[in-house]
Amino acid sequence: MSTVLITGATSGFGKAMAYKFASEGYDLIITGRRADRLETIKKDIRSQHDVHVLSLHFDVRDQEAVKTAIRSIPNESRKEIKILINNAGLAVGRDTIDNGNTDDWDRMIDTNVKGLLYVSKEVIPILKENGEGHIINIASTAGKETYLSGNVYCASKHAVDSLSKAMRIDLLPYGIKVTNIAPGLAETEFSVVRFKGDQEKADAVYQGFAPLTGEDVAEVAFYAASTPKHVCLNDIVITCTSQANSFYLHK
Ligand code: NDP
Ligand code: 8X3
């Protein structure tokens, strides 16, 4: 049986992907910082599906913690890992660059770029050992177009877009597929995090149109993971029907 390792599975896209892959018979390794949520999700998935679920809680920004967690995976699970979904990420703040907060910048760059790299560095050797593999990086439409006051978040997602291309080139000799998924506006905990707990501000982002859901993105990730061995979906942009790109949203 194949195992999928999903970062940021305590909420939003990652959580929806965990349920989707489990419903299709995949064993899971789910990760995030909130151990209580991971345990609840693990129990709930196990009550619905006959799959193995391992949860590992660590902060992707902490390279030593990433190493320790990934290296703690028991050999019987390790040798089944076929898919890595680099999903953990966030936006913090929505200020113009001249008003930006350097702590917010650090959090975004350390999580979205360095965290993705630390996890990939540990998991790529496992995919190579296992003789096949697929890395799915969750980027964003913010990694395709830069919008007003999106500055550092957009830059971090442009970096993810670029790293997806780089991984696809560098890992070519090992038959490892790399898919970049760039979703547009989706209602998850994303905006609550971005606006530092201001639920009203977060809700306003999604008023007047039907945004994507975590489940929509999970369906696409699963589809990308289900193509034949010789087929790789390289880059997928997915928006809700009301959104054309980062600039045009019909409300
Ligand atoms: P959520 O806030 O709902 O989920 C984010 C997940 O990332 C959580 O599980 C969180 O877990 C995890 N995470 C955040 N920081 C860290 C960290 N330092 N270490 C480990 N895990 C971390 O948002 P989404 O599901 O929307 O976001 C998932 C990804 O999709 C992100 O990369 C985001 O940038 C991207 N995205 C989101 C879009 C949207 O509109 N929602 C659109 C396009 C892309 P925990 O807090 O438990 O650590
Ligand atoms: C999240 C989508 O448009 O808020 O990546 O940047 S957006």
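A polar contact is a pair of N or O atoms within 3.5 Å. Keep that cut-off in hand for the exercises on this predicted model.

**Exercise 1.** Find which side chains make polar contacts with an oxygen atom of ligand 2.

*Solution.* Start with the surroundings. The residues around ligand 2 are S140, A142, Y147, Y153, L185, F190 and R194. A polar side-chain atom of Y153 lies 2.6 Å from a ligand 2 oxygen. For Y147, a polar side-chain atom is also 2.6 Å from an oxygen of ligand 2. In S140, a side-chain N or O atom sits 2.6 Å from a ligand oxygen. Next, look at cover. On its own, ligand 2 has 240 Å² of accessible area, and the protein covers 87% of that. Last, locate the site: ligand 2 takes up the space of the largest pocket.

**Exercise 2.** Walk along α5 and describe its start, its bend and what follows its end.

*Solution.* Begin at the N-terminal end. N101 caps α5 there, with a side-chain oxygen 2.7 Å from the backbone nitrogen of D103. Move on to K114. Here α5 bends by about 35 degrees. Finish past the helix. Just after α5, G131 has a positive phi of about 80 degrees.

How values were computed:
Residues numbered from 1 in each chain as written. Chains lettered and ligands numbered in written order. Predicted model: local features only at pLDDT ≥ 70, side-chain atom pairs only at ≥ 80, totals over all residues. Heavy atoms only, no water. Bend = angle between axes of the 7 residues up to and from the residue. Helix = DSSP H or I, 4+ residues; strand = E, 2+ residues; numbered from the N terminus. Polar contact = N/O pair within 3.5 Å; in protein donor to acceptor, adjacent residues only side chain to side chain. Near = heavy atom within 4 Å. Areas by Shrake-Rupley, 256 points an atom, 1.4 Å probe, with all protein chains shown as cover. 1 Å grid on protein atoms, 1.4 Å probe; cavity = no way out; pocket = protein on both sides within 12 Å on 5 of 7 lines; lining within 4 Å. Sits in = over half its atoms within 2 Å of the grid points.
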